[in-house]
Amino acid sequence: MSSETFQLPIEAAEAYEAAFVPAFFAQWAPMICDLARVAPGQSVLDVACGTGIVTRTAADRVGPEGEVVGLDLNEAMLTVARRVRPDLTWRQGDAAALPFPDRSFDAVLCQMALMFFPDRPAALQEMARVAVPGGSVALAVPGRLDAQAAFAPLFDMVVRYAGEEARALLSAYFVCGDLDELAALVDSAGLDVSVARTELGTYRAPSVDEFVRTEVESTPLAERITEDEYARIRGDARDLLAAFVAPDGSFIAPFEVNLVAARRASG
Ligand SMILES: C[S@@+](CC[C@H](N)C(=O)[O-])C[C@H]1O[C@@H](n2cnc3c(N)ncnc32)[C@H](O)[C@@H]1O
């Protein structure tokens with residue numbers, strides 16, 4: 001994927017920061033910092049930082065003596081990141097070709113992004129390269145699709161309307177769901193895996209309709225289904241996912257995430 005084809009409009013990046021960060025992404029930021037043992041005075045790189053929730057969390061932990069850099073392919077995400085925290089360092093770049101010298105950072109973090117990288121081994125090798133010897137690399141990615149209590153039945157239902165090929169379009173988020181495979185991938189980048197575990201959190205949306213809208217309209221599936229099919233998918237989802245509707249009408253479902261921590265060998 002080139003940087004030209006991965007650009008988002010600024011409105012989408014603002015909506016990401018306003019809606020999706022508090023509803024979903026913020027909860028994992030302290031965990032990934034814990035995993036990497038981010039501490040005062042350290043230098044930290046946040047790869048695929050988006051609007052910067054992990055970068056900001058790491059900045060609070062490293063304190064004034066430390067240094068953090070947020071890197072993302074997407075200029076609109078970085079524009080929002082800069083607006084929220086103009087005091088931090090934001091860089092445009094590709095995870096598969098990090099624009100930093102070898103051995104630059106005590107900790108390298110990457111939250112909810114590895115699954116989107118076209119060349120995951122190259123990105124992991126790059127994270128290992130820019131970590132200091134003995135430094136840490138920590139990753140968070142969505143867990144297995146079949147363990148996701150709301151996403152799995154929603155996707156099964158959508159596939160009944162849109163055909164089996166729709167499953168791959170919807171499931172892109174979950175391609176790093178196999179924890180053993182993920183740990184093996186990290187290991188083959190020359191890193192020593194110290195933690196590989198699954199953590200349960202929550203996925204929130206203002207309503208079931210909004211949840212379905214995000215899942216369908218943020219994928220190419222939106223162009224492959226008719227208005228009528230989409231209306232029936234929304235109607236079925238309200239019944240299928242009724243157990244995840246809170247008294248105020250909002251949607252709250254459990255969500256499994258894979259967490260991996262590794263070290264670059266010393267020396
Ligand atoms: C779901 S967002 C996660 C953002 C952030 N880590 C968070 O937790 O909020 C995925 C991010 O990966 C970025 N991304 C995708 N491919 C990338 C690549 N090859 N190099 C750098 N960033 C990339 C996207 O621009 C997007 O900001």
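## The ligand site

In this predicted model, a backbone N or O atom of Gln111 sits 2.8 Å from a nitrogen atom of the ligand. Taken alone, the ligand exposes 590 Å², and the protein buries 96% of that. Another, from Leu73, is 3.3 Å from a ligand nitrogen.

How many residues surround the ligand? There are 20, and the closest are Tyr16, Ala48, Asp72, Ala95 and Gln111. By type, the shell divides into 14 nonpolar, four polar and two charged residues.

## The nonpolar core

The largest nonpolar core has 94 residues. Which residues have the most contacts inside this core? They are Leu45, Val47, Leu109, Phe117, Met127 and Phe251. Strand S7, residues 251–264, gives the core its largest share, with eight residues.

Phe251 shows what such packing looks like in detail. Leaving out residues up to four places away in sequence, Phe251 touches Ala150, Tyr203, Arg204, Ala205, Pro206, Ser207, Val208, Phe211, Leu241 and Phe244.

## Helix H4

Helix H4 covers residues 75–84. Its buried residues are Ala76, Met77, Leu78, Val80 and Ala81. What do these buried residues pack against? Their partners are helix H1 (10–23), strand S2 (67–72) and strand S3 (89–92).

An α-helix has 3.6 residues a turn, so residues three or four places apart point the same way.

The N-terminal end of H4 has a cap, and Asn74 provides it. A side-chain oxygen of Asn74 lies 3.1 Å from the backbone nitrogen of Ala76.

## Two buried serines

Take Ser43. It lies in strand S1, residues 43–47. Is Ser43 buried or exposed? Its relative accessible area is 13%, so Ser43 is buried, under the 20% cut-off. A polar atom of the Ser43 side chain lies 3.4 Å from the backbone oxygen of Ser104. Setting aside neighbours within four places in sequence, Ser43 is in contact with Glu67, Ser104, Phe105, Asp106 and Ala107.

Now take Ser136, in strand S5, residues 131–142. Ser136 has a relative accessible area of 5%, so Ser136 counts as buried. The side chain of Ser136 reaches the backbone oxygen of Ala36 at 3.0 Å. Beyond residues up to four places away in sequence, Ser136 touches Ala36, Asp106, Ala107, Val108, Ala262 and Arg263.

## Two positive phi angles

Most residues other than glycine have a negative phi. Arg103 has a positive value, with phi near 55 degrees. Where is Arg103? It lies in the loop between S3 and strand S4 (105–111). Arg103 is partly exposed, with a relative accessible area of 46%.

Met112 also has a positive phi, near 55 degrees. Met112 is found in the loop between S4 and helix H5 (120–130). How covered is this residue? At 5% relative accessibility, Met112 counts as buried.

Pro22 has its place in helix H1. Is Pro22 buried or exposed? Its relative accessibility is 55%, so Pro22 counts as exposed, over the 50% cut-off. Pro22 and Cys176 are 154 residues apart along the chain. Their C-alpha atoms are separated by 23 Å.

Pro220 lies in the loop between helix H9 (208–217) and helix H10 (227–240). Pro220 has a relative accessible area of 40%, so Pro220 is partly exposed. Pro220 and Leu182 are 38 residues apart along the chain. Their C-alpha atoms are separated by 26 Å.

Methods: Residues are numbered from 1 along each chain as its sequence is written. This is a predicted model: local features need pLDDT of at least 70, side-chain atom pairs count only at pLDDT 80 or more; totals for chains, interfaces and linings use all residues. Side-chain values use heavy atoms; hydrogens and water are left out. A residue is near a molecule or strand if one of its heavy atoms lies within 4 Å of it. A polar contact is a pair of N or O atoms within 3.5 Å; within protein, one must be able to donate a hydrogen and the other to accept it, and residues adjacent in sequence count only if both atoms are side-chain atoms. Accessible areas come from the Shrake-Rupley method with a 1.4 Å probe; for residues, only the protein chains shown count as cover. Ala, Val, Leu, Ile, Met, Phe, Trp, Tyr, Cys and Pro count as nonpolar, Asp, Glu, Lys and Arg as charged, and the others, Gly among them, as polar. A nonpolar core is a set of buried Ala, Val, Leu, Ile, Met, Phe, Trp, Tyr and Cys residues joined through side-chain atoms within 4.5 Å. Buried means under 20% relative accessible area, exposed over 50%, partly exposed in between (1.4 Å probe, protein chains only). Helices (H or I, at least four residues) and strands (E, at least two) are DSSP runs, numbered from the N terminus. Contact means heavy atoms within 4.5 Å.
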